[in-house]
Amino acid sequence: MKKILFVASEVVPFIKTGGLADVVGSLPKCFNKEYFDVRVIAPKYACMKQEYKDMMEYKTHFYMTLGWRRQYVGVLEAVLDGVTFYFIDNEYYFAGSKPYGNIYEDVEKFAFFSKAALSALPLVDFKPDIVHCHDWQTGLIPVFLKDKFHDGEFYRDMKSVMTIHNLKFQGVWDKKTIQDITGLPSSYFTPDKLTVYDDANYLKGGIVYADAVTTVSKTYAEEIKTPFYGEKLDGLMRARQNSLRGIVNGIDYEEYNPATDQFIYKNYTAKNFRKEKSKNKVGLQKELGLDVDEKKFMIGIVSRLTDQKGIDLIAYIMDELCQDEIQFVIVGTGEEQYENMFRHFDWKYNNKISANIYYSEAMSHKVYAGCDAFLMPSLFEPCGLSQLMSLRYGTVPIVRETGGLKDTVEPFNEFENTGTGFSFKNYNAHEMLGIIRYAEQVYYDRKREWNKIVDRAMAADFSWQSSANQYAEMYDWLVP
């Protein structure tokens with residue numbers, strides 16, 4: 001039986017700030033328990049909800065050196081859905097009202113976490129074959145495994161995998177401070193190892209020293225070998241391309257299920273969506289004060305309102321788009337200029353646009369269920385989960401062909417009757433507008449073909465199970 005340890009800075013349901021937590025919380029449940037024993041280790045933050053802290057049981061504690069510091073390490077355990085979770089406890093590092101804050105504190109916090117996670121393993125009597133590290137917060141683990149821990153009998157044969165969820169975030173700080181925190185010899189702080197332009201870089205260390213590197217979609221794995229997407233590490237990604245693979249994320253098919261979803265106005269399935277889905281649109285129109293008309297083409301957005309998400313493209317064509325027979329529902333928060341831009345258009349085209357500048361789980365489900373199309377024109381998108389949710393709800397995605405969006409949305413081909421959505425290639429506002437209008441035209445004039453697109457969208461499988469099978473294959477390749 002293979003033993004796998006996931007190490008990450010967040011995991012659902014215990015603590016979540018983004019999609020990373022979904023991956024780490026959902027994947028371990030999907031592996032075949034006969035062949036894989038997958039466990040997870042994460043920090044025990046003070047800001048976790050009390051109900052989750054109450055699930056944890058004290059296992060052990062010890063003291064550990066970090067550079068010149070001597071620090072307490074507590075280890076707690078919880079079991080959920082048949083998966084064992086360990087939590088590293090230290091009040092000094094994991095206090096505060098949110099998991100991350102200032103990078104200068106975070107670099108020390110996650111150096112501590114990385115070393116503590118490895119140091120705790122013999123004491124909880126778990127010896128993984130593979131340590132699977134997620135994002136920059138755990139980038140030092142592959143480095144430590146080749147350095148301090150390599151001499152120990154217990155650690156010698158452990159392999160490490162580094163998964164990049166978003167290459168933009170790398171954990172960069174000045175070399176001198178990081179050397180002081182980690183206690184690593186200066187030979188590690190050279191351009192071919194941990195440094196980039198004289199700064200130390202945690203993620204780079206993880207990529208250099210890991211036995212395998214993965215990212216969250218096949219296209220993103222190719223894109224990050226180029227200067228535009230490579231965030232100064234494109235040369236390293238090319239150097240490591242033989243051990244780099246892209247495995248697309250999934251979504252939880254229990255939680256996102258239009259047949260059982262508690263949040264939506266009317267449940268429906270792939271069989272009866274033609275009759276029942278539009279009742280969600282009417283419910284949404286009434287709740288948001290839009291003109292009630294179940295035949296009106298409704299586009300949804302659930303997103304952080306930032307440049308990365310392509311909101312600047314939408315700003316360019318908003319006035320033009322609002323001349324069409326459409327409605328537009330936006331849910332999310334982000335940069336002030338975009339929040340105000342959507343508020344302005346909500347005021348200007350009140351019966352067509354509803355700007356909801358907040359985040360609400362319930363409202364996002366209503367948008368996935370109620371809209372006809374879902375717009376995601378991202379500049380870059382390592383994987384993206386919203387398009388997977390909209391496919392699941394039969395809400396047709398309109399996306400830019402980048403990263404995971406390109407891998408998961410098949411563009412409609414009217415000659416071959418294939419496709420699950422619509423896509424455009426260049427980062428160009430009018431190319432996007434052209435595709436939105438093409439989708440509108442299919443919706444209004446070729447309703448049967450539109451419904452066939454919805455059929456195919458709802459039949460696509462992006463559950464975690466298919467991702468887990470690909471990870472299992474990689475583990476078998478690493479540890480035959």
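Visitor: Which residues of H10 meet H13?
Guide: This is a predicted model, so keep that in mind throughout. On the H13 side the contact takes in Met363, Lys366, Val367, Tyr368, Ala369 and Gly370. By class, the whole contact splits into six nonpolar, two polar and four charged residues. The H10 residues facing that set are Lys277, Asn280, Lys281, Leu284, Glu287 and Leu288.

Visitor: What do you call the arrangement of H10 and H13 relative to each other?
Guide: Their axes are 8 Å apart, and the angle between them is about 130°. Roughly perpendicular stops at 115 degrees and roughly antiparallel needs over 145, so an angle between those limits has one label left. The crossing itself is left-handed, and the two helices are therefore oblique.

Visitor: Which strands does H13 touch when it packs on the sheet?
Guide: H13 covers residues 361-370, and its direction makes about 145° with that of E13. The sheet is an open one of six strands with parallel pairing, in the order E15-E14-E13-E16-E17-E18. H13 touches E13 (297-302), E14 and E16 (373-376).

Visitor: And which are the edge strands?
Guide: Look at the two ends of the order E15-E14-E13-E16-E17-E18. An edge strand here pairs on one side only. From one strand to the next, the twist averages 15°. The edges are E15 (353-356) and E18 (422-424).

Visitor: Let's move on to H11 and H16. What is the handedness of their crossing?
Guide: The axes come within 9 Å and cross at roughly 50°, which makes H11 oblique to H16. Residues in the contact include Ile314 and Ile317 of H11 and Leu433 and Ile436 of H16. Nine of the contact residues are nonpolar, one is polar and three are charged. The crossing is right-handed.

Visitor: How does H16 lie relative to H17?
Guide: Here the axes come within 5 Å and cross at roughly 115°. From H16, Ala439, Val442, Tyr443 and Asp445 meet Lys447, Glu449, Trp450 and Ile453 of H17. The class count is five nonpolar, no polar and three charged. The range from 65 to 115 degrees counts as roughly perpendicular, so H16 is roughly perpendicular to H17.

Visitor: How far apart in sequence are the parts that the Phe14 and Tyr52 pair ties together?
Guide: The structure holds 33 aromatic pairs, and this one is edge-to-face, with 5.5 Å centre to centre and 65° between the planes. Phe14 sits in the loop between E1 (2-7) and H1 (19-26), and Tyr52 is in H2 (residues 50-53), so the pair joins parts separated by 38 residues.

Visitor: Is the peptide bond from Val12 to Pro13 cis or trans?
Guide: Pro13 also belongs to the loop between E1 and H1. Omega for that bond is near 0°. That's cis.

Visitor: Last one: what is phi of Asp135 near?
Guide: Asp135 lies in the loop between E6 (130-134) and H5 (140-146). Phi is positive there, in a residue other than glycine. The value is near 65°.

Technical notes
Residues numbered from 1 in each chain as written. Predicted model: local features only at pLDDT ≥ 70, side-chain atom pairs only at ≥ 80, totals over all residues. Heavy atoms only, no water. Pairing = 2+ DSSP bridges. Helix = DSSP H or I, 4+ residues; strand = E, 2+ residues; numbered from the N terminus. Axes fitted to C-alpha atoms, helices over the stretch in contact; angles between N-to-C directions. Contact = heavy atoms within 4.5 Å. Parallel < 35°, antiparallel > 145°, perpendicular 65-115°, else oblique. Left-handed = near helix turned anticlockwise from the far one by under 90°. Nonpolar A, V, L, I, M, F, W, Y, C, P; charged D, E, K, R; others polar. Phe/Tyr/Trp six-rings, centres within 6.5 Å; stacked < 30°, edge-to-face > 60°.
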